[in-house]
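This report describes the arrangement of a two-chain model.

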There are 2 protein chains.
Amino acid sequence: MKVKGYAAQSADSDLAGWEFERRTPGNKDVSVQIEHCGICHSDIHFARNEWGSTSYPCVPGHEIIGRVVEVGSDVSRHSKGDLVGVGCFVHSCRTCGSCHDDLENYCETGVRGTYGGVEDDGVTPTRGGYSSHIVVDEHFVLKIPENLDPAAAAPLLCAGITTYSPLRHVGVTKGHRVAVMGLGGLGHMGVKLAASMGAEVTVLSRSPSKQADAERLGAHDFVLTSEEGALNALVGRFDVVLDTISAEHDINGPIMSLKRDGTFIMVGASPTPHALAGFPLIMGRRSVMGSLVGGIAETQEMLDHCGKHDIVSDVERITPDQINMAYERAMRGDVKYRFVIDCTQF
Amino acid sequence: MKVKGYAAQSADSDLAGWEFERRTPGNKDVSVQIEHCGICHSDIHFARNEWGSTSYPCVPGHEIIGRVVEVGSDVSRHSKGDLVGVGCFVHSCRTCGSCHDDLENYCETGVRGTYGGVEDDGVTPTRGGYSSHIVVDEHFVLKIPENLDPAAAAPLLCAGITTYSPLRHVGVTKGHRVAVMGLGGLGHMGVKLAASMGAEVTVLSRSPSKQADAERLGAHDFVLTSEEGALNALVGRFDVVLDTISAEHDINGPIMSLKRDGTFIMVGASPTPHALAGFPLIMGRRSVMGSLVGGIAETQEMLDHCGKHDIVSDVERITPDQINMAYERAMRGDVKYRFVIDCTQF
């Protein structure tokens with residue numbers, strides 16, 4: 001089927017309108033008319049081939065919300081008219097240990113990205129959500145609670161699950177103290193989600209300008225880490241530090257702010273390695289743990305949790321012709337906190 | 001009471017015979033006639049003031065085995081004539097959360113080292129096991145299984161518990177795959193202990209000369225990591241990597257050798273920070289965890305485990321006049337695998 005979207009044609013071109021083919025829905029496929037798609041930083045890295053693996057033309061987008069318009073004959077989980085979501089991946093082997101454990105995100109044969117992967121034919125690039133329609137195996141399609149604003153729910157599919165999954169995995173619950181570093185697309189979801197789990201949330205930031213927002217988002221405390229001695233005063237304080245910063249930064253001070261057995265969760269991959277001191281880990285049996293989005297079952301759990309707690313992302317809505325402007329602003333951190341494209345305008 | 005021992009009088013002096021005072025045993029104290037004391041790398045760093053906190057004269061030694069010669073009136077756990085051990089610390093607050101959880105090693109007010117701390121008077125430096133006698137609160141005195149060779153059991157008090165505690169903490173059990181990096185004092189205990197827990201143990205080493213010993217110690221496999229591509233072939237293989245190397249070295253390749261949810265245990269603190277890449281952690285929800293010796297209850301559990309499985313350290317026995325020679329050899333890694341001083345010769 002012919003669909004419309006926005007694509008980058010090369011690493012240094014702007015994104016622009018482009019028509020391309022989606023596969024004809026198979027028996028297990030769901031065809032979704034896309035209504036909204038969030039802009040994730042990964043989209044920008046990918047469109048600009050900053051990870052060196054992009055094939056062009058490329059259509060980014062993995063925070064997708066839309067309505068089911070067609071279902072294959074063997075589809076049982078979704079029906080025509082359902083409000084659904086598609087996140088960061090659209091296929092996995094379904095047989096390895098990780099897939100068996102409902103952790104398709106860690107599929108041992110390599111999970112297939114919503115963009116940047118290949119279709120079943122092994123050749124056609126997968127193309128993301130900056131488009132009018134997408135065709136996805138029903139297993140990788142999520143149900144979106146109808147009480148949520150669909151545009152603001154789009155970033156849950158990446159920023160939401162990326163922060164929800166590790167917070168749940170380490171058992172964040174009522175009474176825990178959670179620090180969040182980096183108040184961007186991921187971080188602002190981390191604050192909302194940790195607070196919704198009952199944690200006492202502290203935002204650690206170098207920018208005084210973030211304080212008002214931190215509180216509005218649900219943080220109970222704000223520490224300006226650029227102030228002399230601020231981190232020293234936090235030694236042994238937190239159960240969990242959620243680090244969403246993807247630029248180079250110090251992690252040893254924040255690690256020291258963990259209690260014994262506390263976990264420093266790394267979800268923002270810095271392009272350069274971190275300098276990791278041994279003593280802050282050793283002296284308190286502290287851990288640094290990485291985490292990559294979440295499995296399908298856990299993503300559905302997160303969406304249901306957000307439905308129950310009325311949690312969505314803070315978004316700025318744009319039309320497709322504003323995508324390139326949005327990229328420039330997002331690169332400067334000038335967005336509160338996610339751009340979401342109105343995909344009915346393609 | 002006047003005791004004999006060996007002390008460094010300054011950062012650049014050799015250790016030599018020295019007489020000093022121990023406190024008179026109190027009601028809860030046990031007085032131990034020391035028979036053996038292991039030489040730990042920490043002793044060398046401390047004697048030479050390489051951590052900048054040494055006060056002189058200093059008496060190192062925290063792998064202590066001896067016989068009880070006197071007990072205070074309120075002592076209930078030990079009796080005259082018992083074979084006992086003293087490890088890395090001799091006091092903790094006994095009231096904080098960590099002490100309450102039997103993790104005195106992570107005492108939140110700071111655990112008091114067997115050497116390098118201060119006595120209850122707040123002034124007198126604690127002095128370690130390179131001596132004829134030591135006086136210790138009974139809580140910090142361990143029972144040594146009588147079936148073990150006492151000299152070879154001495155290193156269990158530091159090298160043994162340092163490796164046993166994190167392996168137990170992460171749940172190493174039958175069928176797990178454990179890699180050990182660094183086949184020295186800590187590493188050789190790691191191999192023996194992980195194997196005794198039922199794990200399949202692999203030694204990762206850059207020295208082909210270590211292979212025969214690795215196998216003799218109980219390793220099931222040996223991988224020469226200096227060979228091109230050796231680590232790449234191990235991606236996703238281990239449940240646990242136990243890193244005992246205290247010099248600068250790459251940790252990202254070994255982290256990639258972990259399965260999803262695997263743990264890289266850091267017990268050898270490098271003097272310089274490690275370069276930690278984000279992706280190896282993120283792509284498999286892997287963790288890096290530090291660990292510092294173990295609590296008293298767990299140390300007793302480790303000793304009982306070693307008694308049951310006939311596990312001791314491989315040691316080279318020396319007399320006090322050989323301590324300085326032993327330091328030089330230990331610094332070159334020329335010891336299999338721990339020097340143990342005959343403390344009856346002071």
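How many bridges join β14(A) to β16(A), and do these strands run parallel or antiparallel? Four bridges join β14(A) to β16(A), and the two strands run parallel.

## Basis of the description

The model is predicted: local features need pLDDT of at least 70, side-chain atom pairs count only at pLDDT 80 or more, and totals for chains, interfaces and linings use all residues. Residues are numbered from 1 along each chain as its sequence is written, while chains are lettered from A and ligands numbered from 1 in the order in which they are written.

## Strand β14 of chain A

Helices (H or I, at least four residues) and strands (E, at least two) are DSSP runs, numbered from the N terminus. Two strands pair if DSSP finds at least two bridges between them.

Eight of the nine residues of β14(A) are buried, so the strand is largely enclosed by the rest of the structure. A residue is buried if 20 or more other C-beta atoms lie within 10 Å of its own, exposed if 12 or fewer, and partly exposed in between, with C-beta atoms placed from the backbone.

## Interface and symmetry

Contact between chains A and B involves 28 residues of chain A and 28 residues of chain B; two residues are in contact if their C-beta atoms, placed from the backbone, lie within 7 Å. On the side of chain A that touches chain B, β14 (258–266), β15 (274–276), α8 (278–282) and β16 (287–290) each give two or more residues. The residues of this side divide into 15 nonpolar, nine polar and four charged. Here Ala, Val, Leu, Ile, Met, Phe, Trp, Tyr, Cys and Pro count as nonpolar, Asp, Glu, Lys and Arg as charged, and the others, Gly among them, as polar. Across the two chains, β15(A) and strand β15 (residues 274–276) of chain B run antiparallel and are joined by three bridges, with B:H274 as the bridge partner of A:L276.

Chain A is superposed on chain B by a rotation of 180 degrees with 0.0 Å of shift along its axis (RMSD 0.0 Å). The two copies are thus related as by a two-fold rotation axis. The same surface serves both copies, since 100% of the contact residues of chain A recur in chain B. Superposition is by least squares on the C-alpha atoms of residues with pLDDT of at least 70 in both copies.

## Local backbone features

A cis peptide bond, with omega of about -15 degrees, joins A:K336 and A:Y337. A:Y337 is in the loop between α10 (323–331) and β18 (338–342) of chain A. In chain B, the peptide bond from B:K336 to B:Y337 is cis, with omega near -15 degrees.

A:R285 is not a glycine, yet has a positive phi of about 50 degrees. This residue lies in the loop between α8 and β16 of chain A and is buried, with 24 other C-beta atoms within 10 Å. B:N49, also not a glycine, has a positive phi of about 55 degrees. B:N49 is located in the loop between α1 (41–47) and β4 (64–71) of chain B, and counts as partly exposed with 16 C-beta neighbours inside 10 Å.
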